[in-house]
Amino acid sequence: AGKGTQCANLVRDYGFKHLSAGDLLREEQDRPDSEFGSMIKDYITNGKIVPMEVTVQLLENAMTDYIKKREGREKGARFLIDGFPRKMDQALKFEEAVCPSQFTLFFDCPEDVMQERLINRGKTSGRTDDNAESISKRFKTFVELSMPVVDHFDKEGKVVKVSATKGPDEIYEEVKRRMGEKGFEMV
């Protein structure tokens, strides 16, 4: 649904530190001495969700590294975590072990629109999972495992839902409006 584009806009305009769960997993998968590399590759190739302990630890490590680089200025560190949580156990574990989220920004996109966008992205991205079969598996996994997370946070009043069927600029205008409703100001 153009998450990468929207995340780049949010980082630029709101000062978030962007962490992509998928990027962290792919980096770990490609790291030569990784004990989890082949397992991560297998899960991603088959459209499955990597075990929560691995993903939560990678995110926590990235957040801790960022805060350390801020040299004691951990106050005010704001994170935009893209593509996470994907399952209820991940959501609960992250909020318990790392920190509670302020809200979930949910880009609502029908499967046919998403598939067309991802196949087009696959022509230039070099990502092995941007093909029709993997996309279909990922969407099925999302509906079965990730939508319950969205529903859970929605019941807590922590979901900001944005339709992602329009162009990137129109979507971002809606994102900015909704961010303002949550009390976020542009930097």
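A residue counts as buried when its relative accessible area is under 20%, as exposed when over 50%, and as partly exposed in between, using a 1.4 Å probe and protein chains only. What you're looking at is a predicted model, so local features need pLDDT of at least 70 and side-chain atom pairs count only at pLDDT 80 or more, while totals for chains, interfaces and linings use all residues. Residues are numbered from 1 along each chain as its sequence is written, and side-chain values use heavy atoms, with hydrogens and water left out.

**A buried glutamine**

- Gln90 sits in helix α5; helices here are DSSP runs of H or I with at least four residues, strands are runs of E with at least two, and both are numbered from the N terminus.
- Leaving aside residues up to four places away in sequence, Gln90 touches Ile49, Val50, Met52, Thr55, Val56, Phe84 and Pro85, where contact means heavy atoms within 4.5 Å.

**How helices pack**

- Two packed helices are described by the angle between their axes and the distance between the axes.
- The axes are lines fitted to C-alpha atoms, for helices over the stretch in contact, and angles run from 0 to 180 degrees between N-to-C directions.
- Take helix α1 (residues 3-14) and helix α8 (residues 168-181): their axes come within 10 Å and cross at roughly 45 degrees.
- That angle makes α1 oblique to α8; under 35 degrees counts as roughly parallel, over 145 as roughly antiparallel, 65 to 115 as roughly perpendicular, and the rest as oblique.
- From the α1 side, the contact uses Thr5, Gln6, Asn9, Leu10, Arg12, Asp13 and Tyr14, and from α8 it uses Pro168, Ile171, Tyr172, Val175, Lys176 and Met179.
- Sorted by class, the contact of α1 with α8 has seven nonpolar, three polar and three charged residues; Ala, Val, Leu, Ile, Met, Phe, Trp, Tyr, Cys and Pro count as nonpolar, Asp, Glu, Lys and Arg as charged, and the others, Gly among them, as polar.
- Helix α2 (residues 21-30) and helix α4 (residues 52-69) also have axes that come within 10 Å, and these cross at roughly 100 degrees.
- That puts α2 roughly perpendicular to α4.
- Here Ala21, Leu24, Leu25 and Glu28 of α2 meet Val54, Thr55, Leu58, Leu59 and Ala62 of α4.
- The contact of α2 with α4 splits into seven nonpolar residues, one polar and one charged.

**Salt bridges**

- The whole structure holds 15 salt bridges, each being a side-chain nitrogen of Lys or Arg within 4 Å of a carboxyl oxygen of Asp or Glu.
- One of them joins Lys158 to Glu95, with the closest N and O atoms 3.2 Å apart.
- This pair ties together distant parts of the chain, 63 residues apart: Lys158 is in the loop between α7 (132-155) and β4 (159-163), and Glu95 is in helix α5 (residues 88-97).
- Lys158 is buried at 13% relative accessible area, whereas Glu95 is partly exposed at 23%.
- Within helix α7, Lys140 and Glu144 lie four residues apart, about one turn of the helix, and their side chains meet in a salt bridge at 2.7 Å, N to O.
- Lys140 is exposed, with a relative accessible area of 51%, while Glu144 counts as partly exposed at 47%.
- In helix α8, Arg178 and Glu181 are three residues apart, about one turn, and they form a salt bridge whose closest N and O atoms are 2.9 Å apart.
- Arg178 and Glu181 also belong to a salt-bridge network with Glu174 and Arg177.
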